[in-house]
Amino acid sequence: MNIASNIAKSPVVPSTGFLLAEARQARGYSLDDVAETTGLTVEEVTALENDADFDKSRIRRTAAALGVLDRISDAYRA
């Protein structure tokens, strides 16, 4: 078995952005809804969901608003 086979079969941990986007969609919220609730702009929420922004306070604020603070990395909860 080669290295590529091992990588393909290894479990994948979803990114923080994926978890935020998944939680938003599961709740039926639009980007505008989350932006209004968190005080962020739609562009900031989009950047978080696309893993283009790693600002801890914005991630915590968004995760808390979506009820998934317990599912994100410990690095963002502190």
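Student: At what angle do helix 3 and helix 5 pack, and how far apart are their axes?

Tutor: In this predicted model, helix 3 (residues 31-38) and helix 5 (residues 56-66) pack at about 110 degrees, with their axes 10 Å apart. Angles of 65 to 115 degrees count as roughly perpendicular, so helix 3 is roughly perpendicular to helix 5. The crossing of helix 3 and helix 5 is right-handed.

Student: Which residues of helix 3 and helix 5 make the contact?

Tutor: Helix 3 contributes Val34, Thr37 and Thr38, while helix 5 contributes Arg61, Thr62, Ala65 and Leu66. By class, the residues of this contact of helix 3 with helix 5 are three nonpolar, three polar and one charged.

Student: Which residues do salt bridges with shared partners join into one network?

Tutor: The network consists of Glu44, Asp53 and Arg58. The side chain of Arg58 meets that of Glu44 at 3.7 Å and that of Asp53 at 2.8 Å, both N to O. Arg58 belongs to helix 5 and Glu44 to helix 4, so their pair ties together parts 14 residues apart in sequence.

Student: Is Asp53 buried or exposed?

Tutor: Asp53 has a relative accessible area of 12%, so it is buried. Arg58, at 22%, is partly exposed, as is Glu44, at 25%.

Note on methods. Residues numbered from 1 in each chain as written. Predicted model: local features only at pLDDT ≥ 70, side-chain atom pairs only at ≥ 80, totals over all residues. Heavy atoms only, no water. Axes fitted to C-alpha atoms, helices over the stretch in contact; angles between N-to-C directions. Helix = DSSP H or I, 4+ residues; strand = E, 2+ residues; numbered from the N terminus. Parallel < 35°, antiparallel > 145°, perpendicular 65-115°, else oblique. Left-handed = near helix turned anticlockwise from the far one by under 90°. Contact = heavy atoms within 4.5 Å. Nonpolar A, V, L, I, M, F, W, Y, C, P; charged D, E, K, R; others polar. Salt bridge = Lys/Arg side-chain N within 4 Å of Asp/Glu carboxyl O. Buried < 20%, exposed > 50% of the residue type's maximum accessible area, 1.4 Å probe, protein only.
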